Amino acid sequence: MSTLISSQIETKDGRPVVFFDIDNTLYSTSSKISQAMGVKIHDYFVKLGLSEQDASDLHHKYYTQYGLALAGLVRHHDVDPLDFDRNCDQALPLEEMISPNPAHRKLFQDIDRSKVRVWALTNAYKIHAERVLRILNLRDQIEGVVYCDYEAKDLCSKPDPTYYHKAMSFASISDPSKCYFIDDNWRNVATARNLGWAHCIHFCERGQEHVEGGKVLKISNVSGATKKTEQGITVINELEELRDVWPEIFK
Ligand SMILES: [Mg+2]
């Protein structure tokens, strides 16, 4: 969708947009998908001929540097993003790891679509994004998905500000004060807030373990705030809390 068409649509539709991150937000990190994904990515580095240690070091380095391990692999190892996707995200047995949550479906159904539009915003490729939404039985609740375009080798991803501008263009919205956003990654949320997205939530499952850049981390509340940070970011650990934090978007 071109920017021109997007802006034409927005003149007719002034509804705010609610952007949901997918992984570790629409399902709990207790599913251990981040751990399984970490193993697949590590194995991919090793298959390129790297030692176990170099694989671990570079995996973490690229994730930290680019927000996405794949971005480093493409830049420095000439990896085809679609091959990476087939061997990592698509190789995960997601159907055995996550399942629909009726309470989450009800939460989405209770969002008043005459007031807001609902989009997903992910660093994964569209195949993984669509698959997760389908397994969770939420695909019909999401108007559109903003994803990393591996086919175009466009690996711009959160928290790069360009990615948020792309998301707004795709969802045909130009006013950041009308953007709602929830993500489990603190950097992603903090960047959105810095860009003026007015309604930001850090989804923080305190005490759970997850894997980022190949390293196991205990999830902690980075901001230290119990309810709302100084930047105006609300911290929650259950999606059901959205009803209290964003009452204006529900029926
Ligand atoms: Mg996430």
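Trainee: What covers the buried residues of α8?

Mentor: The cover includes α2, α6 (94–97), β2 and β3. Helices (H or I, at least four residues) and strands (E, at least two) are DSSP runs, numbered from the N terminus. Buried means under 20% relative accessible area, exposed over 50%, and partly exposed in between (1.4 Å probe, protein chains only). Please keep in mind that this is a predicted model, in which local features need pLDDT of at least 70, side-chain atom pairs count only at pLDDT 80 or more, and totals for chains, interfaces and linings use all residues. Residues are numbered from 1 along each chain as its sequence is written, and side-chain values use heavy atoms, with hydrogens and water left out.

Trainee: Which residues of α8 are buried?

Mentor: They are His 128, Ala 129, Arg 131, Val 132, Leu 133 and Ile 135. Just after the helix, Asn 137 takes a positive phi of about 60 degrees.

Trainee: Now the domains. How is the chain divided?

Mentor: Domain 1 takes 3–27 + 98–249, and domain 2 takes 33–94. These bounds come from an automatic or database domain assignment. Taken over C-alpha atoms, the centres of the two domains are 24 Å apart. Their contact takes 28 residues from domain 1 and 24 residues from domain 2.

Trainee: How much area is buried between domain 1 and domain 2?

Mentor: About 2,200 Å², with carbon and sulfur atoms giving 61% of that area. Buried area here is the accessible area (1.4 Å probe) that two parts lose on being put together, summed over both. In domain 1, the residues that lose the most area to domain 2 are Arg 131, Tyr 150 and Leu 155, together 25% of what that side buries.

Trainee: And how many salt bridges are there between the domains?

Mentor: The count between domain 1 and domain 2 is 0. A salt bridge is a side-chain nitrogen of Lys or Arg within 4 Å of a carboxyl oxygen of Asp or Glu. Across the same interface, 10 residue pairs are in polar contact, both residues being at pLDDT 80 or more. A polar contact is a pair of N or O atoms within 3.5 Å; within protein, one must be able to donate a hydrogen and the other to accept it, and residues adjacent in sequence count only if both atoms are side-chain atoms.

Trainee: Which elements give two or more residues to the side of domain 1 that touches domain 2?

Mentor: They are α8 (126–135) and β6 (209–212). The largest share, 5 residues, comes from α8.

Trainee: Turning to the whole structure, how many salt bridges does a search find?

Mentor: It finds 14. One joins Lys 158 and Asp 21, with the closest N and O atoms 2.9 Å apart. Lys 158 is in the loop between β3 (144–146) and α9 (161–170), Asp 21 is in the loop between β1 (17–20) and α2 (33–47), and the two are 137 residues apart.

Trainee: Is Lys 158 buried or exposed?

Mentor: Lys 158 is buried, with a relative accessible area of 1%. Asp 21 is buried as well, at 5%.

Trainee: Which residue meets Asp 110 in a salt bridge of 3.0 Å?

Mentor: That is Arg 243. Asp 110 lies in the loop between α7 (102–109) and β2 (117–121) and Arg 243 in helix α11 (residues 242–245), so the pair ties together parts that are 133 residues apart in sequence. Asp 110 also meets Lys 106 in a salt bridge, at 2.9 Å from N to O. Asp 110 is buried at 16% relative accessible area, whereas Lys 106 is partly exposed at 44% and Arg 243 is partly exposed at 27%.

Trainee: One last residue. Where is Ser 223 found?

Mentor: Ser 223 is in the loop between β7 (215–218) and β8 (234–236). Not counting residues up to four places away in sequence, Ser 223 touches Trp 186, Thr 229 and Val 235.

Key: Contact means heavy atoms within 4.5 Å.
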